[in-house]
Structures are given as C-alpha cells and as structure tokens.
Amino acid sequence: MGVVTTRTRDLDSLVRFSRQRQILRTAPPRLTVPDGMTAPLGCDAVAVPEACGRAMVARLPRMGCVYADGDRWWWIVPSDSDVALEWPAPASYTTGALVPDARRAPGLIHRPDGSVPYTPPIPLYLALCQVTGTTPAWSRHIGAGAADAA
C-alpha cells in the first residue's frame with residue numbers, strides 16, 4: 001500500500017496564490033508574436049485609429065506584424081521605441097505589447113515575410129506624423145534659450 005502525503009499550505013501561500021490568480025484574470029491581453037517568428041529586441045506596441053493605420057500603410061517601406069481590434073490598429077515595434085520619441089496623438093504606446101481596456105487580444109491582419117515581427121519605429125513615427133500633420137520632435141523649433149542667444 002502506498003503512502004499518502006498531504007501538503008499543507010499556510011495562510012500566506014493561499015493569499016499569494018489568490019492574488020496571482022486575480023492578476024492573471026485582470027491583466028490586459030498581450031499581442032503575441034506568430035509561430036515561427038522571434039522578437040530578439042522585445043516587443044512594445046503602437047496603437048492608432050484604423051483610419052490612421054490605413055493611411056500610414058502606403059508611407060511605410062516595411063511593415064511588421066499589425067493587429068486590429070475593430071477601431072484600432074496595433075503595430076509591433078522593438079522594446080523602448082518610445083525613448084526620445086513623442087508619439088503624436090491619437091497614437092498610444094504600450095510597453096510589453098499590452099492591449100489595455102481589451103478583453104482579448106486583437107487579431108493579426110498583417111504578417112511580414114521572414115521571422116522578425118517589427119515595423120521599424122522611425123518610419124512608423126514619420127508616417128504617423130505625416131498622417132496627423134504633426135512636425136517630428138527633432139524638427140521643431142527650440143524655444144528661447146542658449147541657441148537663440150547666439
């Protein structure tokens with residue numbers, strides 16, 4: 001006859017387990033890289049209204065994975081693509097390719113050839129600036145300061 005063992009859990013373990021389950025239930029969905037693709041630089045995402053996304057397509061030399069959830073398009077970019085870039089409204093940038101305020105992840109509408117899911121962030125940023133009529137941050141006039149004093 002085998003020995004039956006019973007594992008006991010203390011109250012702290014039960015509370016921690018309950019909190020982890022709650023976090024998993026309430027965490028926003030994440031855009032996932034399709035099978036066969038790798039994301040060596042990590043993944044963030046840029047979301048734009050569908051109309052902006054459609055207008056941006058013709059302006060991009062290369063598109064990576066693009067997802068749609070009805071009213072927004074989501075573009076996969078390498079992690080930290082928001083460093084030194086002010087993504088113009090109406091775009092929203094999410095780290096970790098999270099999709100806030102969604103019950104499920106958007107569906108994939110474009111998959112590039114090859115094994116890398118990224119849309120290059122600078123061309124994406126420039127296309128968004130063109131579509132929204134925004135001057136890229138590095139082209140804006142610097143206000144009063146040392147540069148104007150010369």
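**Start.** I am working with a predicted model.

**Cysteines.** The structure holds zero. A disulfide needs the two sulfur atoms within 2.5 Å.

I then looked up burial. Cys-43 has 15% relative accessibility, so I note this residue as buried. The cut-off for buried is under 20%. Cys-129 is buried as well, with a relative accessible area of 3%.

**Strand β1.** Next I turned to β1, which covers residues 44-49. How many of its six residues are buried? I find five, so the rest of the structure largely encloses this strand.

Which strands pair with β1? One is β3, residues 72-77, joined to β1 by six bridges. The two run antiparallel.

Another is β4, residues 92-95, joined to β1 by four bridges. This pairing is antiparallel too. Here I noted Ala-45, which stands opposite Thr-94 in β4.

**Surface patch.** Last, I looked at the outside. Which residues form a nonpolar patch on the surface? I list Ile-122, Leu-126 and Trp-138. Together they have about 280 Å² of accessible area. I also looked up where Trp-138 sits: in the loop between α3 (121-132) and α4 (146-149).

Notes:
Residues are numbered from 1 along each chain as its sequence is written. This is a predicted model: local features need pLDDT of at least 70, side-chain atom pairs count only at pLDDT 80 or more; totals for chains, interfaces and linings use all residues. Side-chain values use heavy atoms; hydrogens and water are left out. Buried means under 20% relative accessible area, exposed over 50%, partly exposed in between (1.4 Å probe, protein chains only). Two strands pair if DSSP finds at least two bridges between them. Patches are made of residues with over 30% relative accessible area and no salt bridge: like charges are joined within 9 Å, nonpolar side chains (Val, Leu, Ile, Met, Phe, Trp, Tyr) within 5 Å. Accessible areas come from the Shrake-Rupley method with a 1.4 Å probe; for residues, only the protein chains shown count as cover. A salt bridge is a side-chain nitrogen of Lys or Arg within 4 Å of a carboxyl oxygen of Asp or Glu.
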